Amino acid sequence: MQLYAERPIRRTAQLVSDLLAVLLVVLAVWLGTSVYDEVMKLRAPGDGLVDAGTGLRGTFDSAANSADKIPLVGDALARALHGGSDVGTKLTDAGRWQIDAVENLAWWLAAIIIALPVLALALTWLPLRWNFTRRATAAAHLRTLGDEGRDLLALRALATQPLRRLAAVDQAATGWRERDRDVIDKLAGYELARHGLAP
């Protein structure tokens, strides 16, 4: 499999683009986790509400249990104190709601911050690299086939190279028909160069 070009300038450009892609993903993950951690700090008030509500409910429940033992007025007093316990439950529920909202916000922000660059790379850089690898591997395979492979590469060059380049090859059309090895090698070299490969 031909992952990188054999020509130095193109190989250097590919290595730099691969390095930039990896750095972009690393930066996105770092930024996403940093944003997640910072947003999660906003859950502190929710934690405080849960703690306060739990403590308030515990205090009122304890007082209601103690008041229930008082003769004559114990039942009425216990019911009134259980009302305060309900307030503690509402505080706890509000705190949990805030914690859930902050956790969801932190998760979605981190996911978006990470997903956008990764998606951009998947739609731009990755197809380019895949197409290069696929075409360069096929061209490298044809190069190893000897004369038959060079013939196919030269024929491909006749179909894909710019006309000015073909005009620069002396006797390109007649050399192809007459099986002139120099012309065929030159045309095959053009096609290999188009895929970043050495002749």
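Trainee: Which residues are buried in helix 5?

Mentor: In this model, which is a predicted one, the buried residues of helix 5 are Gly149, Asp151, Leu153, Ala154 and Ala157.

Trainee: And how far apart are the end C-alpha atoms of that helix?

Mentor: They are 20 Å apart, and this agrees with expectation because the 14 residues of helix 5, which runs over residues 147-160, should span 20 Å at 1.5 Å a residue.

Trainee: Okay, stepping back, how many helices and strands are there in the protein?

Mentor: The protein has eight helices and zero strands, and reading along the sequence gives the pattern α-α-α-α-α-α-α-α.

Trainee: What share of the residues counts as buried?

Mentor: Of the 199 residues in the protein, 28% count as buried, while the accessible surface comes to about 12600 Å², with 67% of that area belonging to carbon and sulfur atoms.

Trainee: What about contacts between residues at least 6 apart in sequence, how many of them join residues at least 24 apart?

Mentor: Among those contacts in the protein, 73% join residues that are at least 24 apart in sequence.

Trainee: Let's go to Glu191, where does it lie?

Mentor: Glu191 lies in helix 8, which covers residues 181-194, and this helix of 14 residues reaches 20 Å from its first C-alpha to its last, close to the 20 Å expected at 1.5 Å a residue.

Trainee: Is Glu191 buried or exposed?

Mentor: Glu191 counts as buried because its relative accessibility is 1%, where buried means under 20%. Other buried residues of helix 8 include Val183, Ile184, Leu187 and Tyr190.

Trainee: So what does Glu191 touch?

Mentor: Leaving aside residues up to four places away in sequence, Glu191 touches Leu153, Arg156, Ala157, Thr160 and Gln161. Two of these, Leu153 and Ala157, are among the residues of helix 5 that are buried.

Trainee: Which side chain does the side chain of Glu191 make a polar contact with?

Mentor: That partner is the side chain of Arg194, and the polar contact is at 2.8 Å.

Trainee: What comes just after helix 8?

Mentor: Just after helix 8 there is Gly196, which takes a positive phi of about 80°.

Trainee: New topic, which residues make the nonpolar surface patch?

Mentor: Val16, Leu19, Leu20 and Leu23 make that patch, which has an area of about 380 Å². Val16 has its place in helix 1, over residues 8-40.

Trainee: Why is Val16 called partly exposed?

Mentor: Val16 is called partly exposed because its relative accessible area is 43%, and the partly exposed class lies between under 20% for buried and over 50% for exposed.

Technical notes:
Residues are numbered from 1 along each chain as its sequence is written. This is a predicted model: local features need pLDDT of at least 70, side-chain atom pairs count only at pLDDT 80 or more; totals for chains, interfaces and linings use all residues. Side-chain values use heavy atoms; hydrogens and water are left out. Patches are made of residues with over 30% relative accessible area and no salt bridge: like charges are joined within 9 Å, nonpolar side chains (Val, Leu, Ile, Met, Phe, Trp, Tyr) within 5 Å. Accessible areas come from the Shrake-Rupley method with a 1.4 Å probe; for residues, only the protein chains shown count as cover. A salt bridge is a side-chain nitrogen of Lys or Arg within 4 Å of a carboxyl oxygen of Asp or Glu. Helices (H or I, at least four residues) and strands (E, at least two) are DSSP runs, numbered from the N terminus. Buried means under 20% relative accessible area, exposed over 50%, partly exposed in between (1.4 Å probe, protein chains only). A polar contact is a pair of N or O atoms within 3.5 Å; within protein, one must be able to donate a hydrogen and the other to accept it, and residues adjacent in sequence count only if both atoms are side-chain atoms. Contact means heavy atoms within 4.5 Å. The expected span of a helix is 1.5 Å times one less than its number of residues.
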